[in-house]
Amino acid sequence: MNEDWYAVGQAIGERLDERGMTMTDLAGQAEISLTTVRELVHVLSTRRRNPRTLSRISKALGWPEDHLQKVLRGGEVSTPDSDSETLEAIRSELRSLRKRVEHLEQRLS
């Protein structure tokens, strides 16, 4: 099976730029290691990944869960085009931001 890890890295990098996010932001929101994000963005390793990793990254970037799996396999990708998908992406990001603020508040206390 052909896997296009370069397309995955490019898609993640472009989306980070679009959203004004850093790799550290993405790692935190996707709850994966920063090393994994770096490996994917810079295509430092093309080893097999747990499908949940790409799913978590897709969701953290506001895409459908299967977006990066489709990119990896060279398939047609979908983008959030309905109001409900867009709203869910916003809600997901808001939940993530709330968690980060709570964590910061705890550290400051």
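1. How do α2 and α3 lie relative to each other: roughly parallel, roughly perpendicular or oblique? In this predicted model, the two helices pack at an angle of about 120 degrees. Roughly perpendicular covers 65 to 115 degrees and roughly antiparallel begins over 145, so α2 and α3 are oblique to each other.

2. Here is some more detail on that pair. The axes of α2 and α3 are 9 Å apart, and α2 passes α3 in a right-handed crossing. On the α2 side, the residues that meet α3 are Met23, Thr24, Leu26 and Ala27; their counterparts in α3 are Leu34, Val37, Arg38 and Val41.

3. Now for the chain as a whole. Of the contacts with a separation of 6 or more, 54% link residues 24 or more positions apart.

4. Next, the inside. The largest nonpolar core has 22 residues, and those touching the most other members are Val8, Ile12, Leu26, Ile57, Leu61 and Leu68. Two or more residues come from each of α1 (5–19), α2 (23–30), α3 (34–41), α4 (51–60) and α5 (67–72). The largest share, five residues, belongs to α1.

5. Leaving aside residues up to four places away in sequence, Val8 touches Leu54, Leu68, Val71 and Leu72.

6. Finally, burial and surface. Of the 109 residues in the chain, 37% are buried. The chain exposes about 7,300 Å², with carbon and sulfur atoms supplying 48% of that area.

Note on methods:
Residues are numbered from 1 along each chain as its sequence is written. This is a predicted model: local features need pLDDT of at least 70, side-chain atom pairs count only at pLDDT 80 or more; totals for chains, interfaces and linings use all residues. Side-chain values use heavy atoms; hydrogens and water are left out. A nonpolar core is a set of buried Ala, Val, Leu, Ile, Met, Phe, Trp, Tyr and Cys residues joined through side-chain atoms within 4.5 Å. Buried means under 20% relative accessible area, exposed over 50%, partly exposed in between (1.4 Å probe, protein chains only). Helices (H or I, at least four residues) and strands (E, at least two) are DSSP runs, numbered from the N terminus. Contact means heavy atoms within 4.5 Å. Accessible areas come from the Shrake-Rupley method with a 1.4 Å probe; for residues, only the protein chains shown count as cover. Axes are lines fitted to C-alpha atoms, for helices over the stretch in contact, and angles run from 0 to 180 degrees between N-to-C directions. Angles under 35 degrees count as roughly parallel, over 145 as roughly antiparallel, 65 to 115 as roughly perpendicular and the rest as oblique. A crossing is left-handed if the near helix is turned anticlockwise from the far one by less than a right angle, and right-handed if clockwise.
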